[in-house]
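User: I have a sequence and its model open. Please take me through it in short questions and answers.

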Amino acid sequence: MFPRVARPLPRLGNRHSTVIANACVKRRSKLTDSRYHEELYPGHIPTSPIQKALLAVGSGIAALQDPYRHDMVAVLGETTGHLALLNLRDRMRNDPEGYRILTERPKIRLSTLDLEKMASLPEGSFGREYIRFLEDNHVTPDSRAHVKFVDNEELSYVMQRYREVHDLLHTLLGMPTNMLGEVAVKWFEAAQTGLPMCALGALLGPLRLNARSLQSLVTSLGPWAVRNGLQARCVLCVFYERRWEQSLDDLRRELNIQPPP
Amino acid sequence: MAASVRPLLERMIFRPSAGAVSVSVADGWRPSPRCYATASCRSFSGGAAEKSTHFGFETVPESEKAKKVYTVFENVAHKYDVMNDAMSLGIHRLWKDALLRAAHPQPGARLLDVAGGTGDIAFRFLEYVGSQKGRWAGRSSWWQDICQKDPGNREEGEEGPTRDSRVVVCDINKEMLKVGRRKARRTGLADGVLWVAGDAEELPFDDAQFDIYTIAFGLRNVTHVELALREALRVLKPGGRFMCLEFSRVTDPVLARLYDAYSFQVIPLLGEVIAGDWKSYRYLVESIRRFPAQEALKELLEDAGFCRVGYRNMSGGVVSLHSGFKL
């Protein structure tokens with residue numbers, strides 16, 4: 001036993017590398033190699049249909065249990081939204097401004113926004129109101145989760161754009177980020193985009209509202225949100241980054257959105 | 001990449017004053033005197049002077065592996081126990097119980113649990129030893145007389161079979177240790193445990209300090225397994241026992257396919273839903289595939305100097321318990 005301990009180091013190294021090399025000769029099949037399908041975009045995780053189904057169920061349950069798990073809401077949206085994303089992408093392609101967005105791929109990030117310039121814009125302009133919204137509600141455009149489970153590069157951009165436009169929708173609709181405001185925006189989005197995640201959020205969100213908010217939602221805010229969602233122009237087809245100077249009322253008129261009640 | 005890099009590297013090694021050359025090799029490569037002398041580079045991308053190793057199914061420089069593993073466990077620390085229960089359907093508790101039963105520690109034993117972050121083994125050890133104490137106390141009085149009177153048994157300040165056991169939990173990851181300490185306070189077992197941040201490849205303990213060394217599901221995350229084994233040998237007392245609980249190769253082919261499918265299809269999914277981290281759990285299942293199998297690990301243990309090395313498969317080979325003695 002002691003001679004074993006006294007073996008010279010190179011022998012140990014060779015033995016070890018042989019052992020490790022043998023361990024590395026492994027079966028790499030489609031089943032076991034999760035990296036078999038290439039990543040289509042940074043952060044992409046390829047998944048099989050069964051995995052997507054399980055993810056949808058799991059994330060749905062997790063999101064219901066803890067509504068603050070925004071990542072689970074995001075995963076639910078990605079795994080259930082394929083058809084809606086296709087529809088949205090086609091609407092964008094058929095709209096001249098939407099088509100430009102699909103080709104230029106703008107991103108709404110703190111790094112791409114000139115916050116000072118936007119804050120110095122006149123009151124009532126879209127950019128100024130957006131900055132006010134960010135400040136009042138203590139939110140930032142960088143807190144959106146990245147898309148992971150959409151298996152198409154262009155559709156993943158559409159999904160990402162939808163997430164980034166969500167905050168702008170709050171500004172356009174004049175809704176705060178409290179529970180009632182979020183549910184109202186979800187009703188609008190469900191009517192506009194048809195994403196199952198929005199529909200689920202719209203259906204289950206009201207369960208967490210108190211009686212007064214619920215009444216307000218059902219009688220005035222809700223019908224207004226749905227009506228505007230159906231009649232408004234596609235909100236993803238608007239190049240917001242070039243419209244900061246536009247007046248908010250003007251933009252609402254252009255998009256066919258009535259001011260909130 | 002390796003073939004084209006080798007001649008370039010050879011030029012750089014033998015002409016270090018060749019000036020700045022942009023080389024797309026692994027990060028951290030420096031032409032140092034060590035490179036001139038080292039002939040036995042344990043290299044997996046042949047020719048590169050920077051040793052590389054596996055990180056799951058990826059190949060990364062050795063210097064990066066430790067950092068990446070640290071990040072994985074930092075991310076999963078708070079959901080580690082929940083995920084263990086979810087992934088193994090609670091069976092990991094049985095495996096850990098089996099480890100303690102095999103070790104059969106007696107009151108007074110000193111345990112070092114390496115990579116034992118959240119304290120599962122440590123707490124089980126204290127409970128086991130506590131129940132053993134109960135059995136010793138119930139024995140006939142003449143046995144207790146022998147134990148107390150025998151001078152060899154007594155150390156200064158301690159009394160026979162009732163002396164306290166100690167467990168040291170050593171983990172490189174501070175988040176995991178934090179979670180473990182919080183658990184200890186909650187379960188009231190905080191007194192018997194010492195929490196130490198340390199590297200398994202370079203333990204911050206003197207020689208011959210411990211009766212038992214355990215490492216449960218941690219050895220496959222160590223960059224240099226043989227260094228960890230040599231450190232284990234060093235800190236064990238003569239007669240001390242090394243025990244390693246680790247995922248291993250499933251022996252039955254049908255079960256192996258089911259296990260593979262479950263590992264790669266379901267586990268990262270559970271990681272995403274419960275812990276919000278798909279990639280860390282994909283690393284975990286990949287690292288299991290890259291770790292040596294039962295016999296290979298047994299050889300490594302024998303090389304490191306352990307005697308009477310043996311292993312026992314559990315759950316059809318999903319997990320294997322390796323044991324060796326320092327004699």
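Fold, charges and cysteines

Analyst: Along its sequence, chain A reads α-α-α-α-α-α-α-α-α-α-α-α-α. Keep in mind that this is a predicted model.

User: What share of chain A counts as buried?

Analyst: Buried means under 20% relative accessible area. Chain A has 261 residues, and the share of them that counts as buried is 48%.

User: How many disulfides does the structure hold over all chains?

Analyst: A disulfide needs two cysteine sulfur atoms within 2.5 Å. The sulfur of Cys237(A) has its closest cysteine sulfur in Cys234(A), at 3.2 Å, so that pair is too far for a bond. Cys244(B) is in no disulfide either, with the nearest cysteine sulfur, that of Cys170(B), 15 Å away. The total over all chains is 0 disulfides.

User: Is Cys237(A) buried or exposed?

Analyst: The cut-off for buried is under 20% relative accessible area. Cys237(A) has 1%, so Cys237(A) is buried.

User: Which helix of chain A gives the most to the nonpolar patch?

Analyst: The patch covers about 500 Å² and is made by Leu64(A), Leu200(A), Leu203(A), Leu204(A) and Leu207(A). Leu64(A) sits in helix H3 (residues 49-65) of chain A. The most comes from another entry in the list of helices, with 3 residues: helix H11 (residues 196-204).

User: Which residues form the positive surface patch?

Analyst: One member, Arg185(B), lies in helix H8 (residues 174-187) of chain B. Arg185(B) is exposed, at 58% relative accessible area. The patch is formed by Arg181(B), Arg182(B), Arg185(B) and Arg186(B).

User: How many salt bridges are there over all chains?

Analyst: Side chains of opposite charge can pair when their charged atoms come close. One such pair is Glu123(A) and Arg132(A), at 2.6 Å, N to O. Glu123(A) is exposed, at 53%, while Arg132(A) is partly exposed, at 27%. Over all chains the count is 34 salt bridges.

User: Why does the salt bridge of Glu272(B) and Lys148(A) join two chains?

Analyst: The closest N and O atoms of Glu272(B) and Lys148(A) are 3.1 Å apart, in a salt bridge. Glu272(B) lies in helix H10 (residues 253-275) of chain B, and Lys148(A) lies in the loop between helix H8 (126-137) and helix H9 (153-173) of chain A, so the pair joins two chains.

User: How far apart in sequence are the parts tied together by Glu254(A) and Arg243(A)?

Analyst: Their side chains meet in a salt bridge at 2.9 Å, N to O. Glu254(A) lies in helix H13 (residues 248-255) and Arg243(A) in the loop between helix H12 (211-231) and H13 of chain A, so the tied parts are apart in sequence by 11 residues.

User: Which residues are linked with Arg243(A) in a network of salt bridges?

Analyst: Arg243(A) is buried, at 13%. Glu254(A) is partly exposed, at 36%. The residues linked with Arg243(A) are Asp95(A), Glu97(A), Arg233(A) and Glu254(A).

Definitions and conventions:
Residues numbered from 1 in each chain as written. Chains lettered and ligands numbered in written order. Predicted model: local features only at pLDDT ≥ 70, side-chain atom pairs only at ≥ 80, totals over all residues. Heavy atoms only, no water. Patch = residues over 30% accessible without salt bridge, like charges linked within 9 Å, V, L, I, M, F, W, Y side chains within 5 Å. Areas by Shrake-Rupley, 256 points an atom, 1.4 Å probe, with all protein chains shown as cover. Salt bridge = Lys/Arg side-chain N within 4 Å of Asp/Glu carboxyl O. Lys, Arg positive; Asp, Glu negative; His and termini not counted. Charge placed at Lys NZ, Arg CZ, Asp CG, Glu CD. Helix = DSSP H or I, 4+ residues; strand = E, 2+ residues; numbered from the N terminus. Buried < 20%, exposed > 50% of the residue type's maximum accessible area, 1.4 Å probe, protein only.
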